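Try each task before reading its solution.

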Amino acid sequence: MISIRPLLAVAVAILAALAVLLLDKREKLRDAVSPLAAIAMFAIVASMAPTVLAGGTIDLRLFEILPGIDFAFRVDALGMVFATVSSLLWIVASIYSIGYMRHLNEHAQTRFFACFAASLAAAAGGAFAANLFTLVIFYEALSLVTYPLVYHHEDEEGWAGSRKYLVYLMGASKSVLLAALALTYQIAGSLDFVAGGLLAGANASASLLTVVYFCYLFGFAKAAVMPMHAWLPAAMVAPTPVSALLHAVAVVKMGVFCVLRVVFHVFGAGLVGGLGLGIATAYIVSFTILMASIYALTRDDLKARLAYSTVSQLSYVVLGAVLLSPVAMVGGIIHIAAHAFSKITLFFCAGSIYCASGKRNVSDMAGIGRRLPWTMGAFFVGSLSMIGVPPAAGFISKWYLALGSAEAGQTPFLIVLLISSVLNAAYFLPISYVAFFGTEAREWPATVREIPMLTIPLVATAILSVLMGIFPDYFLALAERIVR
């Protein structure tokens, strides 16, 4: 089916960014733009779901760059997973951001909201990209428009963190990722995504294909596979709504989404398995899963702990894909959504705690749950999902990953998943315990209380996390479409 709707989804967010800039002096109107645009974008994305669930695709070719390289959109099941998550969470993230920025009276709010909207345009463009060229264009755009969000505070720490952010993301894409694109075009004569793999059956040596594969794996540095992960904790200098954007809505999800595109539609499961790349990648991401969890366990700063948790959780998505078991693939795909709903809840809670009390460190939060019961209750729900406790969403994805590991006969990776879940519990559950049952060093002042503009969105995302765990049918249906 040919339709302009994928372009409209991107255009809505771009127009929102422009409207925010134009309404710089009219704060109430400016702040209303993002939620309205988010609702419109989600409606456009949702309107395409019936076609994709029925097994169809939606295509839109804009123009040709070179023979075999078009700037084009295609809406398929994998793109719908990413687009649904990012457009839905933009609604609650925009409301939360307004409350956060107003409460702290942050500077440069117009720039903040404009870049936030532009980042969602880039995410939607990447989700609906029909080929590697279009995907990389939006991937790079996402790096550039989120850079001002990372250095938002414009202090020494902010500049240092944003430099590392840009060096890692742009450096990787300007070197190994560009090489991978050039080699893929040289081998296949095209950059289009193909069911079963663009490079399947290509006339190229195994060693060359292996080089191309690892160039993609590490070139898409937003996936944060070690050692390409250091940018992510460094980016925690940004305001908490940006951290939520980076970790749940757009940036890191773009990274793992790109890796899944490479595994499913550039190489294909058959070629990945035939070259032995699946098992090699599984060991690399398993190391990332465990080491990042250990790092998280040692961090007292709450956002830093959440950042290393994200590094770990992203590799679950890649692990599911490269195990090449259909069940594991489904688990990896739906973990994109499960992690998004849960991790955005946790970051929202971290921001709520900071706005209410000024506290960042876990060691300073004893008893705060008695002042912020909704916030810490939502944090507990998000934590359970990250650990994989039913009925939260994380249980569904981890269950499929565990079954897939067993189905593939890969007991070592099943053990990795179990150890990781224990580590998740070790660095998440003490936070909730201390918050509700810890002895306060001194009584919290009466000014430490829930902030409605922050509490409502974080409760909403916690509910979404549980609802996905109870009703995972939509994401399961899309995932099963992908792995057929």
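**Exercise 1. State the volume of the largest pocket and describe what lines this pocket.**

Solution. The largest pocket holds about 470 Å³ of space, and its lining consists of 22 residues, of which D76, A195, H265, R481 and I482 are the closest to the centre. Helix 3 (77-103), helix 10 (251-267) and helix 19 (473-483) are the elements that give two or more residues to this lining. Sorted by class, the lining of the largest pocket has 11 nonpolar, six polar and five charged residues. A pocket here is an open set of points on a 1 Å grid over the protein atoms alone, with protein on both sides within 12 Å along at least five of seven lines, and lining residues have an atom within 4 Å of a point; the volume is the space filled by probe spheres set on points joined across faces, edges and corners. Helices are DSSP runs of H or I with at least four residues, numbered from the N terminus. Ala, Val, Leu, Ile, Met, Phe, Trp, Tyr, Cys and Pro count as nonpolar, Asp, Glu, Lys and Arg as charged, and the others, Gly among them, as polar.

The model is predicted, so local features need pLDDT of at least 70 and side-chain atom pairs count only at pLDDT 80 or more, whereas totals for chains, interfaces and linings use all residues. Residues are numbered from 1 along each chain as its sequence is written, and side-chain values use heavy atoms, with hydrogens and water left out.

**Exercise 2. Which helix gives the most to the lining of the second largest pocket?**

Solution. The second largest pocket has a volume of about 370 Å³, and among its 23 lining residues E157, M236, V237, K303 and R360 lie nearest the centre. At least two residues each come from helix 6 (156-188), helix 8 (231-234) and helix 13 (302-322). Helix 6 gives the most, with four residues.

**Exercise 3. Identify the residues that line the largest cavity, and the helix with the largest share.**

Solution. A cavity is a set of grid points where a 1.4 Å probe fits but cannot get out, and the count comes to one cavity of 30 Å³ or more. About 70 Å³ of space lies in the largest cavity, which is lined by T240, D301, L302, K303, A350, G351, Y354, K359, R360 and M365. Helix 13 and helix 14 each give two or more residues to this lining, and helix 14 has the largest share, with three residues.

**Exercise 4. How many disulfides does a search of the whole structure find?**

Solution. With a disulfide taken as a pair of cysteine sulfur atoms within 2.5 Å, the search finds zero. The sulfur of C215 is 15 Å from the closest cysteine sulfur, in C258, and is therefore too far for a bond. For C349 the closest cysteine sulfur is in C355, at 12 Å, again too far for a bond. C349 counts as buried because its relative accessibility is 0%.

How values were computed
Buried < 20%, exposed > 50% of the residue type's maximum accessible area, 1.4 Å probe, protein only.
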